[in-house]
Amino acid sequence: MQNHMDQPRPDQGGAQAGSFSVQWDHRLITTRDALAPGNDILSSLLPTDKGPSRMIACLDQGLVEAHPELPAQVELWADANAHLVRLMGKVATLPGGEDAKNDFNVFNETARLIDAHGICRKSFVLVAGGGAFLDAVGYAASSAHRGVRVIRMPSTTLSQGDAGVGVKNGINAFGKKNFLGSFSPPWAVVNDTNLLSSLSDRDWRSGLSEAVKVALLKDAAFFDELRRLAARTRTRDLDAMEGIVERSAHLHMKHIIEGGDAFERFTARPLDFGHWSAHKLEQMSGFDLKHGEAVAIGLLIDLTYAAMIGRLDESVLKSTRCCLLDMGFTLQHEALGNHEVLLEGLREFREHLGGQLTITLVEEIGKPLDVHEIDLNVMRRAIDDVRSVGLNESSRVG
Ligand SMILES: NC(=O)c1ccc[n+]([C@@H]2O[C@H](COP(=O)([O-])OP(=O)(O)OC[C@H]3O[C@@H](n4cnc5c(N)ncnc54)[C@H](O)[C@@H]3O)[C@@H](O)[C@H]2O)c1
Ligand SMILES: [Zn+2]
């Protein structure tokens, strides 16, 4: 660790300065049936030296509706591991989906449970659900006592491949996505791929656009694999999806661990490729568009722009579009008709980054390109292009 502090010199008056770094561990385990008797993955994550750790469990309501056995399974698992864990109160089932981030209800209820059950910085919050639920519960847990340990069990393709392995939490406020939030790595992430089979078709598909995003940024071989598997994902092939989610999670996690900027202090945000417009489109659609669906459109906008300014071969744009269509994404939305509001997303993104705009595009597959200025007229044309190609496609399908 590179911590140091300079001695104040007499000519510096009282000024003192120093720097320090903090070590975080980041753990991800993929399994099936994490809570089944005999699966000791969850219990292996708990400390063994100080008697049972207190824990509360918060489950996404949509997940529990699809898996009504889950609350009882959590209780049975805790009973079977009573030497390691003391489950406090009943398992809480709270609203999931983007609604969980659009007000303070889930945040408040999580904080209340942490307080009511004496959850301290050495205790645990077990949270299972989609990316939105993890974001809201995680934000409350990272605020209470300035940070309580969280074990995440992501339960959607998007959260297992991306959101759940990230280090960010947050909720939406003042009409902006993720306006309030924190950086706080989880104690551990357990991806139980069996949970994925109950997802709606839209939520099943949603995580695939983040996989396409990270493949375009970092891994040409993975991009080819996604093209090859796209049709199988559409028929809900769990084996194909499992491989994709695992590879996507690996690439997202590798970026956090090795990318040199886990807490996003610099302006480049490669994993936000396609997201300046995606976040705005979600909000413009009144969250009718899911995050992953908006990301699919956002990727095409930025790829089209890159091709229009001569930095990307059109073939990459075409193959990405084909891949997303094969996966079943609808690549247009009426919000694309409102350029000027959509372009506000660029201003909001600049503000979020802290002044200087950095948009990550790609110039070839696996080769990101950061640009600091966007030609708004070209971007308007790029948006129009995505919209009109999308409209043609949907009229052909219709
Ligand atoms: N923190 C991060 O780094 C990060 C990264 C990417 C995305 N996100 C956020 O993640 C959110 C999107 O997450 P998402 O795509 O997981 O959607 P989601 O959390 O909105 O969940 C979608 C729906 O699926 C339900 N659900 C969850 N698990 C289920 C299961 N196994 N079976 C049936 N239904 C289930 C939920 O109740 C919800 O209705 C967005 O808010 C986005 O901003 C955060
Ligand atoms: Zn995203």
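Which residues does L84 touch, not counting residues up to four places away in sequence? The first legend answers this. The model is predicted.

**View 1. L84 sits in the loop between α2 (70–80) and β5 (85–87).** L84 touches S43, L46, T48, P52 and S53, leaving aside residues up to four places away in sequence. Is L84 buried, exposed or partly exposed? L84 is partly exposed, because 18 other C-beta atoms lie within 10 Å, and a buried residue needs 20 or more. F349 belongs to another part of the chain: L84 and F349 are 265 residues apart in sequence. In space, 44 Å separates L84 from F349, C-alpha to C-alpha.

**View 2. Strand β4 (residues 53–60) pairs with β5, β6 and β7.** S53, one of the residues touched by L84, has V85 of β5 as its bridge partner. β4 and β5 run parallel and are joined by three bridges. Strand β7 (residues 124–129) also pairs with β4 in the parallel sense, over five bridges. Here C58 stands opposite V127. Strand β6 (residues 92–94) pairs with β4 over three bridges, again in the parallel sense. In that pairing L59 faces T93 of β6. Six of the eight residues of β4 are buried, so the strand is largely enclosed by the rest of the structure.

**View 3. Ligand 1 has 32 residues around it.** G62, G96, G130, G131 and G166 come nearest. By residue type, the shell holds eight nonpolar, 15 polar and nine charged residues. Which domains supply at least three residues each to the shell? Both domain 1 (28–198) and domain 2 (205–397) do.

View 4. α5 has 13 residues. From its first C-alpha to its last, α5 reaches 18 Å, close to the 18 Å expected at 1.5 Å a residue. Why is α5 described as largely enclosed by the rest of the structure? The reason is that 12 of its 13 residues are buried. G131 is among the buried residues of α5 and is also one of the residues that come nearest to ligand 1. Others on the buried list include F133, L134, D135 and Y139. H145 follows α5, and its phi is positive, near 55 degrees.

View 5. α11 has 18 residues and spans 25 Å from first C-alpha to last, close to the 26 Å expected at 1.5 Å a residue. The helix is mostly covered, with 16 of its 18 residues buried. After α11 comes G310, whose phi is positive, near 80 degrees.

Notes. Residues are numbered from 1 along each chain as its sequence is written. Chains are lettered from A and ligands numbered from 1 in the order in which they are written. This is a predicted model: local features need pLDDT of at least 70, side-chain atom pairs count only at pLDDT 80 or more; totals for chains, interfaces and linings use all residues. A residue is near a molecule or strand if its C-beta atom, placed from the backbone, lies within 6 Å of it. Ala, Val, Leu, Ile, Met, Phe, Trp, Tyr, Cys and Pro count as nonpolar, Asp, Glu, Lys and Arg as charged, and the others, Gly among them, as polar. Domain bounds come from an automatic or database domain assignment. Helices (H or I, at least four residues) and strands (E, at least two) are DSSP runs, numbered from the N terminus. The expected span of a helix is 1.5 Å times one less than its number of residues. Two residues are in contact if their C-beta atoms, placed from the backbone, lie within 7 Å. Two strands pair if DSSP finds at least two bridges between them.
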